[in-house]
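Here is a short briefing on one protein chain. Look at the sequence and the model, then read on.

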Amino acid sequence: MQMKTGVEQSVYAMLLLTFLPEKGLLPGEFISQQLGASPTYFQKLLRKLVSANLLLSVPGVKGGFRLNQPSDRIRIFDVYEAIEGKQSLYASSGVFEDLMGIKEQNVRLLSNLMTEAEDAWQSTLKRETIGSLRQEIDRNCPPDHLTTLQALIEQQMIRN
């Protein structure tokens, strides 16, 4: 399994938005530039995050994006699900049935293992939030880097 870059870009976009003061907005183009993402592709990601009620979008020349709820309530799993959808990571292809003449679901060999692995993976992503990742940034990033980032965001920010 390999997660698409859209999930990573979306998480980091939301982390950028945690640096905004209340009512502040960041233009989508600025966010995509900071992440090195194609503006067209990134707009699709932002629309998915808005549709999932994770981001608030304000249209127009003075528009932009901000978090739609407190960062400590936005789970990383919510971001993953908004971008990737709700499908399971594993679906039997029928190899076992071809080999043994019975459906793998009836024996539950690989299905059980994959379900257990997916449950553990989801549990981890549900435990961590945008807020908890922001706390890690605050604890582990050099203060001068945070100051530079904050100044850049304030320079690009639109007040609403």
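In the protein chain, 69% of the contacts with a separation of 6 or more join residues 24 or more positions apart. Contact means heavy atoms within 4.5 Å. This is a predicted model: local features need pLDDT of at least 70, side-chain atom pairs count only at pLDDT 80 or more, and totals for chains, interfaces and linings use all residues. Residues are numbered from 1 along each chain as its sequence is written, and side-chain values use heavy atoms, with hydrogens and water left out.

**Overall build**

- The protein chain has 9 helices and 4 strands. Helices (H or I, at least four residues) and strands (E, at least two) are DSSP runs, numbered from the N terminus.
- Along the sequence, the pattern reads α-β-α-α-β-β-α-α-α-α-α-α-β.
- The radius of gyration of the protein chain is 20 Å, while a compact globule of 160 residues would have one near 15 Å. The radius is taken over C-alpha atoms, and the globule rule is 2.2 Å times the number of residues to the power 0.38.
- Along the principal axes, the C-alpha atoms fill a box of roughly 65 × 35 × 25 Å.

**Surface and charge**

- Of the 160 residues in the protein chain, 36% are buried. Buried means under 20% relative accessible area, exposed means over 50%, and partly exposed is in between (1.4 Å probe, protein chains only).
- The protein chain exposes about 9900 Å², and carbon and sulfur atoms supply 52% of that area. Accessible areas come from the Shrake-Rupley method with a 1.4 Å probe; for residues, only the protein chains shown count as cover.
- There are 17 positive and 18 negative side chains, and the centres of the two sets lie 8 Å apart. Lys and Arg count as positive and Asp and Glu as negative; His and the chain ends are not counted. Each charge is placed at NZ of Lys, CZ of Arg, CG of Asp or CD of Glu.

- Strand S2 (residues 55-58) pairs with strand S3 (residues 64-67) in the antiparallel sense, over 4 bridges. Two strands pair if DSSP finds at least two bridges between them.
- Leu55 stands opposite Leu67 in S3.
- The hairpin has 5 residues between its strands, and Gly60 there takes a positive phi near 105°.

- Most residues other than glycine have a negative phi.
- Lys23 is not a glycine, yet has a positive phi of about 75°. Lys23 sits in the loop between helix H1 (5-17) and strand S1 (24-25). Lys23 is partly exposed, with a relative accessible area of 47%.
- Asn53 has a positive phi near 60°. Asn53 lies in the loop between helix H3 (39-51) and S2.
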